[in-house]
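Trainee: I have a new structure to read. Where do I begin?
Mentor: Open the structure, and we will take one feature at a time.

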Amino acid sequence: MTLPQRRENETDRRLLLLVGLVVVVAAVIVATSLPAAWHTAMPETVNDAAVLVMLTLMIALGTLVKARVRIRSTTQSISWNETAIIVGAAIAPTSVVVLCTAVGIALASLRLTPIKLAFGIGKNVIVAWGAGTALAMTTWTWPPTGTTPLTLLGPLALAYLVAALLDDLLAIPVIALASQTRVAKHFRNNLDLRLAGFAVRFAVAACTLLIIRMDPRLLLAVPPLVLSLHLAYSARIRGRTEQQAWQRLARTTDALNVVDLDNVLTTAVTQAAELFSADEVEIELRDGGRTVRGGTGGITFDGPTGTPTDVAGTVVPAPLEGHDRTADVGMLRLRFRGPVRLSEREQYTLRTFASALCTAVRNAQAYAELARVADEHAYAASHDALTGLANRRNLLDEGTEQLSSRRADGVTALVLIDLNHFKEVNDTLGHAAGDQVLVQVADRLRGAAQATDLVARLGGDEFAVLLRGLPAPAVAAHRAETLLAALHEPFDLDGMRISVEASGGISGAPSNGGMAELLRRADVAMYQAKRAGQRIATYAPTRDTADLGRLTLGGDLPRAVADHEFVVNFQPIVDLGTGEVTSAEALARWHHPTHGMIDPLRFLEAVERSGLLPAFAEAILDQALIAAVSWRDAGFDVPVAVNVSPRSLLDARFPGSVLARLRAHDLPPDRLVLELTETLTLSQLDVVDRVLSRLRDEGVRLALDDFGTGYSSLSLLSRIPVHELKIDRSFVTTMESSAEAAAVIRSTLDLGRSLDLDVVAEGVESEPQRRALWELGCVAGQGHLFARPMPSGTLLAAMQRGSGGRPGTLAAPLHDTGAVIRLSQNRRQAGRSKPDRLPHLPA
């Protein structure tokens, strides 16, 4: 048996007990009244059987003339029978009135159900006995003698008060129990109307007795008077009922203005049950096949559509559709245990409520969809799209919160994991296979980690696991071993078994420096493991390649960026044949207030790991562009080259920042050359391609720096749309003594000519090197032979002074003008539009 069934059975049991008690008391009263009425000597004025019949009919008529109020499937009536009972109690003995009341109520209620008939007779018998007894306890006599009419009102008022109290005390608990509502609520409801009704009916009873005393023939005026008062009172009740219904409707529609669908449905069910006095309210939603049922006490069912209900009887449906009937989200059903027919006003109220509920459901569903999309976006912003792991941003946020909260729940450590030779998977099997391996690695790390750990993918083949709540620092090594052991078994990849080795670095939470320092130390430890051929290494300050001075500098970086301590020197790039300046490379320096001028090799790594890279890059770019503008204004249209960190190319906002700075300084994009380091890995190029393509499409020139030093030079060149190659200084330095170095230079120059790329030789220190490069076909070079890095103003002065009185040159020409046929265009013209060329190596 369900809970609603148990509650219903319990209610029926209590109702039967209460009605039975009333009937038993009334039966006792009737049983004692029978012999008393039989032996009572009737007064002369009522000693006529016709008077008794009239009294009985008057009580029956008072019962039939009533104002009806529906509560759930039960219709309650407000009748005039207590007026007739008071009149009878005033003119006849109590025992006679009790019997007449029983007969009159029975005649008027024959069409009711047995339980209602029994309760109606019992209640009114008790009321008649109470009114008669109260009147008998006073000095009341009929017909009154020697008294004024006003003296009759006191006893009569007492009798009516007893009758009214007994009627409410007997009827209201039964109504409340039958409708499953609170008794106090029924006592308070329409109290003013009930009191006014009591007063009117008392006045009618008093007037009736005065009329009988003066002239019984005047009783003919009583029925019209009673009818008029009844109609007026019924109209007042209907008006009050409608007013309360509209007020409840307004409160209910206001209560539906919530954005949570569950709250909307709960509010709708409970409020509709009260608004329409329904035994059960059901809401069926088409979207999702969900059905909710309940009453004034709350939700009793929330599940799939089609589940039967326990409430049988009348069902009043209402579609959940808007005013324009274009939206249909479901169905609202009111259920009553008995026969019910809604009035016209109730039907309109139901349609209005259903329309408001339709709007509330649609709003809640729309809000839920917006919240779902927002959650998806928030998830995407903090998780890696390929593996579903936390991304770098999420790791930094979680780690920063962990370190800043200084929780006393254990030690915090970070394990950084890098896959060894992962590029071979991408190069051999393709990026799709590489992605499958990365997904399997993520799954294994996630499975090996504990619930408190945060597993993240930092990018490419680099992963990190934030260990929280460790009992001791030494436990981090054991946990790291477990993580890397999970990667030891081969991976299944389209029927192949592939082994991927990994290296790990462990770092405990630092005392200062925060999450950025924790990540840096783990990175240092990981590369220590790689260099030592170990699988795992724990960070040791004594083995940190970043000495204490670098750590100190790392702490000074925020101040250095804010105070513009970073300055830029420029090393010119010249035409090897003419000595003319064709461009200049910007080289950052840190003018430290304590340590003086600091070389970038000492601080660039710290800048990249500090989170200040965007601000640093923008500051250097600004100074470089300002220098180029100042040279142009002085008559030297010299492009400027700026080195770009690989991490900047992983930032989708980087192209927009570069182009914004160019517009701010009113410099054409082709006057800027971005030099790319060859340390980019192929696994990162998918991200980098989009950044570089946008810059190149906008006209910014790209150069591949240190060409020839890496194992992936040709692979990178086939992917990156560059305009020029820069031969690493190590080849230039040894070209005179090393045939291999000379061969690399020669092949690079041949490659540049075949792909229509400009080639610049770095590290030109002597005239023999300059001449040898020129004879090999190299057009441009830079090095100490021409100039050391210098401030922009110093370089401008050098160009204005020139070599041998030739402005714009820094060295004497190798040959007289016209004696040499150039192999390529002058570098000063290289930034302008060229014919289409093959951007990639052939497949």
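Mentor: Start with a definition: a polar contact is a pair of N or O atoms within 3.5 Å, and within protein one must be able to donate a hydrogen and the other to accept it. Keep in mind that this model is predicted.

Trainee: Which side chain does the side chain of Arg479 join in a polar contact?
Mentor: The side chain of Asp453, at 2.4 Å. Arg479 belongs to helix H15, residues 475-485.

Trainee: Is Arg479 buried or exposed?
Mentor: Buried means under 20% relative accessible area. Arg479 has 12% relative accessibility, so it counts as buried. Beyond its neighbours within four places in sequence, Arg479 is in contact with Gln450, Asp453, Leu467 and Leu470.

Trainee: What should helix H14 span, and why?
Mentor: The expected span is 1.5 Å times one less than the number of residues. H14 covers residues 431-448, 18 residues, so it should span 26 Å; its end C-alpha atoms lie 25 Å apart, which agrees.

Trainee: Which residues of H14 are buried?
Mentor: Ala433, Gly434, Val437, Leu438, Val441, Ala442 and Leu445. These buried residues pack against several elements, among them helix H13 (423-429), strand S10 (462-470) and H15.

Trainee: Which residues of the largest nonpolar core touch the most other members?
Mentor: The largest one here has 78 residues, and Phe566, Phe570, Trp631, Leu672, Leu674, Val722 and Leu773 touch the most other members. Helix H19 (residues 613-633) gives this core its largest share, ten residues. A second, separate core has 34 residues, including Phe119 and Tyr160.

Trainee: How do I read strand S22?
Mentor: Look at which way its residues point. In S22 (residues 758-761), Asp758 and Val760 point one way, Val759 and Ala761 the other way, and all are buried.

Trainee: Which strands pair with S22?
Mentor: Strand pairing is read from bridges, and at least two are needed. Strand S21 (residues 724-727) pairs with S22 in the parallel sense over four bridges. Val759 is the bridge partner of Leu725. Strand S23 (residues 780-781) also pairs with S22 in the parallel sense, over two bridges. There, Ala761 stands opposite Gly781.

Trainee: How many disulfides are there?
Mentor: A disulfide needs two cysteine sulfur atoms within 2.5 Å. By this rule the count is zero.

Trainee: Are Cys100 and Cys358 buried or exposed?
Mentor: Cys100 counts as buried at 7% relative accessibility. Cys358 counts as buried at 1%.

Key
Residues are numbered from 1 along each chain as its sequence is written. This is a predicted model: local features need pLDDT of at least 70, side-chain atom pairs count only at pLDDT 80 or more; totals for chains, interfaces and linings use all residues. Side-chain values use heavy atoms; hydrogens and water are left out. Buried means under 20% relative accessible area, exposed over 50%, partly exposed in between (1.4 Å probe, protein chains only). Contact means heavy atoms within 4.5 Å. A nonpolar core is a set of buried Ala, Val, Leu, Ile, Met, Phe, Trp, Tyr and Cys residues joined through side-chain atoms within 4.5 Å.
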